[in-house]
Amino acid sequence: MTYHATCKDVKKQRLLCPSCLHWDPRPEDAAGPGLGYCVRRDIVTRIRCECELFEEATPMKVEAKNRAIYGTIGEEEEEE
């Protein structure tokens, strides 16, 4: 697997993208290992070790993002 140029020493640096709120591995595109889609940058990129847009994907943040995109079950019931 080839990493982004920001990864000088993969053994000592943290791979940020897989744990980022804005990362989408896009398995349906068969992009291959180490590649994915960055929603914030709007590009397909290799996994990075440094990124000014990195935001840890905590369960609370993931839930809030999904709620913003898809709404909630309670909201759907109210609309009917």
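A residue is called buried when its relative accessible area is under 20%, exposed when it is over 50%, and partly exposed in between, with a 1.4 Å probe and protein chains only. The model is predicted, so local features need pLDDT of at least 70 and side-chain atom pairs count only at pLDDT 80 or more, whereas totals for chains, interfaces and linings use all residues. Residues are numbered from 1 along each chain as its sequence is written, and side-chain values use heavy atoms, with hydrogens and water left out.

Side chains of opposite charge can pair when their charged atoms come close. A salt bridge is counted here when a side-chain nitrogen of Lys or Arg lies within 4 Å of a carboxyl oxygen of Asp or Glu. The structure holds four such salt bridges. One of them joins Arg-41 to Glu-52, with an N to O distance of 3.3 Å. This pair links distant parts of the chain, eleven residues apart: Arg-41 belongs to the loop between β2 (35-38) and β3 (43-46), and Glu-52 to the loop between β3 and α1 (59-70). Arg-41 is partly exposed at 24% relative accessibility, while Glu-52 is exposed at 64%.

Another salt bridge connects Lys-61 with Glu-55, whose closest N and O atoms are 3.7 Å apart. Lys-61 is partly exposed at 34%, and Glu-55 is partly exposed at 26%.

Within helix α1, Arg-67 and Glu-63 are four residues apart and therefore separated by about one helical turn. Their side chains meet in a salt bridge at 3.1 Å, N to O. Arg-67 has a relative accessible area of 37%, and Glu-63 one of 48%.

A cavity is a set of points, on a 1 Å grid over the protein atoms alone, where a 1.4 Å probe fits but cannot get out; lining residues have an atom within 4 Å of a point. Grid points are joined across faces, edges and corners, and a volume is the space filled by probe spheres set on the points. The structure holds one cavity of 30 Å³ or more. The volume of the largest cavity is about 90 Å³. Its lining comprises 13 residues, of which Cys-17, Cys-20, Cys-38, Arg-41 and Cys-51 are the closest to the centre.

How values were computed:
1 Å grid on protein atoms, 1.4 Å probe; cavity = no way out; pocket = protein on both sides within 12 Å on 5 of 7 lines; lining within 4 Å. Helix = DSSP H or I, 4+ residues; strand = E, 2+ residues; numbered from the N terminus.
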